[in-house]
Amino acid sequence: MKRKLVYIIMAGLLLGCAHMGTSHIKPEEDRSAMINLYKQIFPNIKFEDYIYGALAMNPDARSQYDDIMAFPPYSMDLDKGKKMWETPFKNGKKFSSCFPDGGKNVAGNYPAFDNAANRVVTFENAINACLKANGEAELKYGEKEMGLLTAYARSLSDGMKVNVKVEGSGALAAYEKGKKYYAARNGQLNFSCRSCHVQGSGKFIRMDQLSMMIGQASHWPEFRGGTDIVTLQGRFKQCEKNVRAKPKAANSEEYNNLEYYLTYMSNGLPMQTPVFRK
Ligand code: HEC
């Protein structure tokens, strides 16, 4: 009897520990804390509108944006991406063969965490893995071709809710690294991503109003000025250059972890790809 009781207590302790170690609890706490913070800063902006970033703070700019998006200036570029996506590989297969449902409503699951390889897998990594598996040359990260292809490939997930998962200790460690990078002060101007997009969100830097970080990862690549394609990691670089920090390379471990963290924070928001930015 006594022994049985000991077992029950031990089992309880083990379960308790397992529960404490459940990895998705902490990121979820981070996300709701961030949502609550923005609710205080922007009491009149609806959560769904966070995907519009700074445009959500300025009704005039938003209405100009809507007019532009009715006839997107980048539609020819998007056609180029479509052609790349649909052109068969030498073995006759296509990109669509590498993804469930031909690649529809999958991009919002990325970045994902690959437990076997113990690293973050971005959508771009999955595209290159597809090329490699089919005996094709991989595309260069951060270059225009990859941008055009992913602009079209992501458009197949338009409206899908961002659904990044952080499960298991490896995934949690990568998420934590991304979060740490986000908060680390950097560059001659000694700013962190947080300084501008959390503490500073809504404020102006020269002509630019600073967007909130929630929603920032849901709409990439962007066509700046209509036709100049910028990837999410390309934007990280621009922001780092602006504070005179040395940017990391596209597809570096640092940027992939950062993208993992930042995209997790957009969970639940609809993807909208690609978009125009001035
Ligand atoms: C000195 C301030 C500053 C810092 C520091 C900064 N950014 Fe930015 N960021 C901007 C400005 C200005 C823009 C353009 C206006 C906007 O959309 O917020 C911008 C835009 C962005 C966008 C695009 C938003 C959109 O919807 O087009 C992303 C993503 C982003 N920043 C991420 C980051 C990350 C990640 C870091 C840290 C590595 C960072 N930023 C650091 C000022 C900053």
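**Questions on a predicted chain**

Student: Between which two elements is the place of proline 274?
Tutor: Helices (DSSP runs of H or I, at least four residues) and strands (runs of E, at least two) are numbered from the N terminus. A cis peptide bond, with omega about -15°, joins threonine 273 and proline 274. The loop that holds proline 274 lies between α10 and β7 (275–277).

Student: What is the mean pLDDT of the chain?
Tutor: This is a predicted model, in which local features need pLDDT of at least 70 and side-chain atom pairs count only at pLDDT 80 or more, while totals for chains, interfaces and linings use all residues. Residues are numbered from 1 along each chain as its sequence is written. The pLDDT is the predictor's confidence in each residue, from 0 to 100; 91% of the residues reach 70 or more, and the mean is 92.

Student: Which helix supplies the largest share of the shell around the ligand?
Tutor: The shell has 22 residues, the closest being Gly53, Cys193, Cys196, Ser211 and Cys239; a residue belongs to it if its C-beta atom, placed from the backbone, lies within 6 Å of the ligand. At least two shell residues come from each of α8 (193–199), α9 and α10. The largest share, five residues, comes from α9.

Student: Which residues of α5 are buried?
Tutor: A residue is buried if 20 or more other C-beta atoms, placed from the backbone, lie within 10 Å of its own, exposed if 12 or fewer, and partly exposed in between. The cover over the buried residues of α5 includes β2 (119–121) and α6. Just after α5, glycine 135 takes a positive phi of about 75°. The buried residues of α5 are Phe123, Glu124, Asn125, Ala126, Ile127 and Cys130.

Student: What is phi of asparagine 118, a residue other than glycine?
Tutor: Asparagine 118 is located in the loop between β1 and β2. Its 13 C-beta neighbours inside 10 Å make asparagine 118 partly exposed. Phi of asparagine 118 is positive, near 55°.

Student: How far apart in space are proline 73 and glycine 225, C-alpha to C-alpha?
Tutor: Proline 73 is in the loop between α3 (59–70) and α4 (75–86). Leaving aside neighbours within four places in sequence, proline 73 contacts Ile68, Phe223, Gly226, Thr227 and Phe276. In sequence, proline 73 and glycine 225 are 152 residues apart, but in space the C-alpha separation is 8.8 Å.

Student: What is omega of the peptide bond from tryptophan 220 to proline 221?
Tutor: Proline 221 is in the loop between β4 (208–209) and β5 (222–224). The bond from tryptophan 220 to proline 221 is cis, with omega near -5°.

Note on methods. Contact = placed C-beta atoms within 7 Å.
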